[in-house]
Amino acid sequence: MMAMNHLSFLRPLLCQSLVRHVRCPLATTTRVPILLPNTTHYPAACARLYATKKAKAKAKGQSAKMNINSALVEDIINLGEVKEDMTAVVNALKDDFTRNLSIRTSPGALDHIVVTTQDGKFPLNQLGQISMKSPQFIMVNMSGFPEATAAAARALRESSMNLNPEVDGTIIKVAIPKVTREHRENLSKVAKQLSNKAKDSLRKVRSNAVTEVKKAKEGHSEDIIRLIEKQIQQMADNIAADIDKQLAAKTKELLG
């Protein structure tokens, strides 16, 4: 009876201590998990704390794995060079747009026309002196390179600017036609063709890069190979989106 009375006296104190531990689990200095009466489950706060530490450890492991993968990438392929090749495609498209799809009535509109001579290819403004006599008339003085006069006239005629140059000695007279709606629409079609050509070149760069990666498949994990292929595809998708952006801007400019 004395022992039972003694236990009855201690029960409230034990319960109060247990309640304090459950309500403030972080205040305890022990790392031993506290069990609730008649149960084998941890308190919710302790479970959350354990899950957080486990998640952080897992994330740290994933980060380390990614760093290892990044280091292995350089042993398989130089992604920097692949990106440069892809960027060169869209830069070439911009040059084509500027050189072949201009509707400006100014001497600068002829600057990027390329003249093919026996000595190579040269911009028209390096071979002749271009001057604008009126909004509808441009003159090209070829006295500095008279032997290139016929080639310059041919380049003007074959450009997409709908020009019909007339040669008078070393002077090329270029009448600027009125920009019609039909001409604008034809230029927009050319822009579409050039952008499709650029996408073909982009696909070739991507395909060559993927082929190079597959050649290094032996000795590397499939996860590494898949990761690199995804990175190459993502770069190609970004450049393709840039090509579409350039086309949309040029089409808007041409159609007005």
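**Notes on charges and helix pairings in this model**

1. Let's start with the acidic surface. Helix α3 (residues 79-100) supplies the largest share of the negative patch, 3 residues. The members of this patch are Glu81, Glu84, Asp85 and Glu212. For the term itself: a patch takes residues with over 30% relative accessible area and no salt bridge, with like charges joined within 9 Å and nonpolar side chains (Val, Leu, Ile, Met, Phe, Trp, Tyr) joined within 5 Å. Asp and Glu count as negative, Lys and Arg as positive, while His and the chain ends are not counted. Each charge is placed at NZ of Lys, CZ of Arg, CG of Asp or CD of Glu.

2. A word on what you're looking at. This is a predicted model, where local features need pLDDT of at least 70 and side-chain atom pairs count only at pLDDT 80 or more, though totals for chains, interfaces and linings use all residues. Residues are numbered from 1 along each chain as its sequence is written, and side-chain values use heavy atoms, with hydrogens and water left out.

3. Glutamate 84 sits in helix α3. Its relative accessibility is 56%, so glutamate 84 counts as exposed. The cut-offs are under 20% relative accessible area for buried, over 50% for exposed and partly exposed in between (1.4 Å probe, protein chains only).

4. Now the overall layout. The protein chain has 7 helices and 6 strands, in the order α-α-α-β-β-α-β-β-α-β-β-α-α along the sequence. Both are DSSP runs numbered from the N terminus: helices are H or I with at least four residues, strands are E with at least two. Of the 256 residues, 27% count as buried. The accessible surface comes to about 17300 Å², and 54% of that belongs to carbon and sulfur atoms. Areas use the Shrake-Rupley method with a 1.4 Å probe, and for residues only the protein chains shown count as cover.

5. Contact here means heavy atoms within 4.5 Å.

6. The structure holds 8 salt bridges, each a side-chain nitrogen of Lys or Arg within 4 Å of a carboxyl oxygen of Asp or Glu. One of them pairs aspartate 244 with lysine 199 at 2.7 Å, N to O. This pair links distant parts of the chain, 45 residues apart, with aspartate 244 in helix α7 (residues 222-255) and lysine 199 in helix α6 (residues 181-215). Aspartate 244 is partly exposed at 39% relative accessibility, and lysine 199 is partly exposed at 22%.

7. Another bridge joins glutamate 229 and lysine 214, whose closest N and O atoms are 3.0 Å apart. Glutamate 229 belongs to helix α7 and lysine 214 to helix α6, so the pair ties together parts 15 residues apart in sequence. Lysine 214 is partly exposed, at 47% relative accessibility.

8. Within helix α7, glutamate 222 and arginine 226 are 4 residues apart, about one turn of the helix. They form a salt bridge with closest N and O atoms 3.6 Å apart. Glutamate 222 is exposed at 51%, whereas arginine 226 is partly exposed at 42%. Glu222, Asp223 and Arg226 are linked in a salt-bridge network.

9. Last, a buried spot. Serine 195 is in helix α6 and counts as buried because its relative accessible area is 2%. Not counting residues up to four places away in sequence, serine 195 touches Leu93, Ile243 and Leu247.
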